[in-house]
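Hi everyone, thanks for coming.

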Amino acid sequence: MRSCDVVVIGSGPGGYVAAIRAAQLGARVVVVEREELGGVCLNWGCIPTKTLIYSAGLYSEMQQAAAYGIEVKDPKVKMPALIARKNEVVKKLKSGVAGLLKAHKIEVIKGHAQVAAPGKVTVGEQTITAKAVIVATGSGPGQLPGMETNGKTIITSTEALDLVYVPKRVVVIGAGALGAEFACIWNAFGAQVTLVEMLDTVLPLEDEELTKRLGAIFKKRGIDVRTKTSVKKVDADKKGVHVELDGAKKGAVEADVVLVGIGRTFHSDVVAKTPSLGVKLGPKGEILVDRHMETNVPGIYAIGDVVGKTLLAHGASAEGLVAATNATGGKRAMDYRVVPACNFTSPEVAHVGLTEKQAREAGVDVKTGRFPLTASGRALAMGHTDGLVKIIGDAGTGEVVGVHIMGAEAGELIASAALAMTMEATVADIAHTIHTHPTLAEAMMEAAEDYLGVGIHTMPPKK
Ligand code: FAD
């Protein structure tokens, strides 16, 4: 029997961050992890995908090198080397997490944990008692009826990250962040990609003005985008996979590989398999928590994907900081008002705050400002002019309610919009901030100026 102050189950960006913060606050902390330190994000999510995306971008640039005045002869993709590099990046970061946990004197126990009672966690034969439990068990790929994955030809993102070859023909089911990112990777590497999405646009949760443009860019690049289309049937045999589609772009598509990029299952069995606990779950199996990240059972907290709120690594970490504070006697509430997100497609699409549609539905007196990257000196110099910055403000107060960016480095640029929103800045505050020239970041200032009707590099309305 071990005893500690806080036991954290799961070591993803939710769990390990919560564990470190609890230790910083003076708690004796134990982390239980059944697979790899760093969780999905580090091992099978954010980091490996971004490593492949970087290679895909580099390869595309090399193919267009002549346009930049550089001769590159016949660049070739070597998938085994690329996957090996991805594994090295993951390994390095994983040892970084292990080092941090060790430095904070956090004990890591390997195994499958189960919450047996409030303050009591079992791992096989071992029992750990603690004042508080933080469940950070995350989520896994969803299995859809009739589209069960077989790990070889019908796969999830986990297997896709270890493919040591570029499939000739791929069908990607779901054009959310995960599906759209893989569609871009395979498209860049020369695969014939069909991207299927039931809703009206690719990246259906993003601002429509941007996603309509992104869909057009995808099509121009040769991705067969089939929105408003659903999958009727998926049949795998020795020759490949036969996919039947229904809806706006119905028909049959033959593929070598099908990526099922929709749906997540929440790893709530860690509490659900102990019914006597009485921890409440939501309709999708997510663990229900209050603003303090506490479940209905005092002393049992839950954070990250398993609570089904942001499904983002940094969302999990932010929730982890809140739970760690509360689990060690403090009082903090989670604020979801400013949670930036980026889809690392090509070009990237990032946002913070509300889309124009959401703002209207929320009764905001919507006013918008825009700046196209075709007018940005830096974007032109880089040869990456596909994109725009769009600012949504409240016409009454002038406060920023949403920022949407499509273009190179959108994921980096959205951070300053998140800071602006955290500081409750007005659009005028952004317009009055002197930005470095020539940078992509200037486009934010220009969009703010456009909002105010004083854009220097925006064409005036025709009289
Ligand atoms: P996880 O990272 O899922 O970690 C949970 C951990 O708990 C796992 O290690 C698991 O082994 C362990 N565990 C589960 N049950 C038990 C148990 N009973 N006992 C012991 N251990 C247990 N998010 C972004 O913000 N940016 C991105 O670019 C991004 N890209 C992504 C790309 C892909 C392909 C995928 C799949 C996801 C991506 N995400 C991205 C989402 C991100 O990975 C998750 O939001 C994040 O990992 C959630 O963190 P978490 O700590 O809640 O859980």
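Which element gives the largest share of the shell around the ligand? That is α2, with 4 residues; helices here are DSSP runs of H or I of at least four residues, strands are E runs of at least two, and both are numbered from the N terminus.

A word on the source: this is a predicted model, where local features need pLDDT of at least 70, side-chain atom pairs count only at pLDDT 80 or more, and totals for chains, interfaces and linings use all residues. Residues are numbered from 1 along each chain as its sequence is written, and side-chain values use heavy atoms, leaving out hydrogens and water.

Back to the ligand. There are 38 residues around it, and Gly 14, Glu 33, Lys 50, Ala 113 and Asp 305 come nearest; being near takes a heavy atom within 4 Å. For polar contacts (N or O pairs within 3.5 Å), a backbone N or O atom of Gly 14 sits 2.8 Å from a ligand oxygen. For Leu 312, the corresponding backbone distance to a ligand oxygen is 3.3 Å. The protein covers 94% of the 990 Å² of accessible area that the ligand has on its own, by Shrake-Rupley with a 1.4 Å probe.

Terms used
A polar contact is a pair of N or O atoms within 3.5 Å; within protein, one must be able to donate a hydrogen and the other to accept it, and residues adjacent in sequence count only if both atoms are side-chain atoms.
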